[in-house]
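Hi everyone, thanks for coming. I'd like to walk you through one structure today, starting with its ligand and then moving on to some aromatic rings.

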Amino acid sequence: MTMTEAIGGISQAGEPLQGSVGIWPHDPVPVDVQTAADAALLSSQLSVMQHRLFCPTSKRILRTFSSGEAARLIGVSDGYLRQLSLSGDGPQPSNISQTGRRAYTLEDVNALRVHLAGQGGGKARHYLPRRNPRAGEQLQVLAVTNFKSGSGKTTTATHLAQYMALQGYRVLAIDLDPQATMSALLGYQPELGLNANASVYGAFRYDAERVPLASVILETYFPGLDLSPSSLELQEFEHATPRNMALSYAGKKSLVDELFFSRVRAAIDTVAEDYDVVILDCPPQLGFLTLSALCAATAVIVTVHPQMQEVVAMSQFLSMIADLLSVVREAGGELNFSFLRYLITQYEPNDGLQTQVAAFLRAQFGERVLTAPMVKSAAISDAGLTKQTLYEVGRESLSRVTYDRAMESLTAVNAEIEGLIKAAWSRADR
Ligand SMILES: Nc1ncnc2c1ncn2[C@@H]1O[C@H](COP(=O)(O)OP(=O)(O)OP(=O)(O)O)[C@@H](O)[C@H]1O
Ligand SMILES: [Mg+2]
């Protein structure tokens, strides 16, 4: 069913008019009453629409991987994987066609990783790269930020989260943007189904409704990647935080003990042992959500589209961050990043001005600009139109040349960031 048909179906049902309280602005109904009624009306009707558009039993499922793809993910040769399958040794692929073609789910790949890692021989980490807390490998919390809207934060954060899950890490993506774009890319549209207090805001709120972070974490269609989704209610954090701070400063009993800057980190700490990497997608503004993300982060990626006006905006952003973070530090906040890198996004190598700006950034920041840029590609934007990532869509659904070029760039960027994470864990195999 198309969106138009779904909407049409609702209006024909005659249900929407029941909650209406008047025709604003001519009606003397107060605006707050009218908007609250409209919100309730839309919310109930969107649930109906969701039911019609998305069959409740149909779930987004990650595609399967060919034998060659699975072998590359695990880090073995295709021949060895075939041999494992033929000998019946260890977990088997979910699908073997009549012609003998094997298709592996990511669960199959992960089961094989565990199997191979358990065979000893000193290659356990090669197959299963999860962090080892006993060796001092701390949870890595990466904030992807920049206050410039559209600089590629969500695209970077979501693809990085999926890449890390594909490599076998346990990943938690936290959507800190009330626009909830990352949540949608990972299969959740809050406006079409999240109940109140089911978003990550539930874990940050300052009132008695607060819930543990674990209760607002959802599994995604990507095995190994969980999501704490956002919704518009997260915007309330920007208002509730100064209200709560004012209470503290006035000497009145604050509703919570922690200051805002330790709040996101405190929530993450409660689930730390379940994950190797946490990816935070920040909103396009320097408010309390972004500041909290920076205070929770062990590493930061600043996305920058190489255009002069974007670099000017980034310069202001950095200067404002510096001012605000120095206040946080004076108030006792801990700010230790294992790395901060600039990532050039939506890069068009044939655009002379862009190459100049990229060269300028590299000249200024040296190795703090990631070597690999993320190229601009129709493969990424087309996938985004249907709220999908490049890892989800697969090669067959796009022009192969376009797909391969985008995937090559994406892999180079993500592998470089994975290398920095491994370096933060002091691993030699980076
Ligand atoms: N490498 C790319 N190639 C082509 N399109 C891209 C690429 N990266 C991002 N886009 C597109 O640019 C738009 C903005 O990207 P994205 O949502 O990642 O930016 P953002 O910084 O998160 O935006 P916001 O500040 O609104 O949260 C999206 O439509 C996305 O599909
Ligand atoms: Mg975004």
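Let me begin with the residue classes: Ala, Val, Leu, Ile, Met, Phe, Trp, Tyr, Cys and Pro count as nonpolar, Asp, Glu, Lys and Arg as charged, and the others, Gly among them, as polar. With that in hand, the shell around ligand 1 divides into ten polar, four nonpolar and four charged residues. Please keep in mind that this is a predicted model.

So who sits around the ligand? Ligand 1 is surrounded by 18 residues, and the closest are Lys153, Thr154, Thr155, Val375 and Ser377. Which helix gives the largest share of that shell? That would be α7, with three residues. Both α7 (153-166) and α15 (378-385) supply at least two residues each.

The side chain of Lys153 has an N or O atom 2.8 Å from an oxygen atom of ligand 1. For Thr154, a polar side-chain atom is 2.7 Å from a ligand oxygen atom. And for Thr155, an N or O atom of the side chain lies 2.5 Å from an oxygen atom of ligand 1. On its own, ligand 1 has 630 Å² of accessible area, and the protein covers 81% of it.

A quick stop at Met374, which is found in the loop between α14 (352-365) and α15. Is Met374 buried or exposed? Its relative accessible area is 9%, so Met374 counts as buried. Met374 and His305 are 69 residues apart in sequence, while their C-alpha atoms are 9.5 Å apart in space.

Let's turn to the aromatic rings. Searching the whole structure turns up six aromatic pairs. Take Tyr206 and Phe237: the ring centres are 5.8 Å apart and the planes meet at 15°, so this pair is stacked, given that planes under 30 degrees apart count that way. Tyr206 belongs to the loop between α9 (201-204) and β6 (218-219), and Phe237 to helix α10 (residues 236-249), so the pair ties together parts 31 residues apart in sequence.

How exposed are the two partners? Tyr206 is buried at a relative accessible area of 5%, and Phe237 is buried at 0%.

Conventions: Residues are numbered from 1 along each chain as its sequence is written. Chains are lettered from A and ligands numbered from 1 in the order in which they are written. This is a predicted model: local features need pLDDT of at least 70, side-chain atom pairs count only at pLDDT 80 or more; totals for chains, interfaces and linings use all residues. Side-chain values use heavy atoms; hydrogens and water are left out. Rings of Phe, Tyr and Trp (its six-membered ring) pair if their centres lie within 6.5 Å; planes under 30 degrees apart count as stacked, over 60 as edge-to-face and the rest as tilted. Helices (H or I, at least four residues) and strands (E, at least two) are DSSP runs, numbered from the N terminus. Buried means under 20% relative accessible area, exposed over 50%, partly exposed in between (1.4 Å probe, protein chains only). A residue is near a molecule or strand if one of its heavy atoms lies within 4 Å of it. A polar contact is a pair of N or O atoms within 3.5 Å; within protein, one must be able to donate a hydrogen and the other to accept it, and residues adjacent in sequence count only if both atoms are side-chain atoms. Accessible areas come from the Shrake-Rupley method with a 1.4 Å probe; for residues, only the protein chains shown count as cover.
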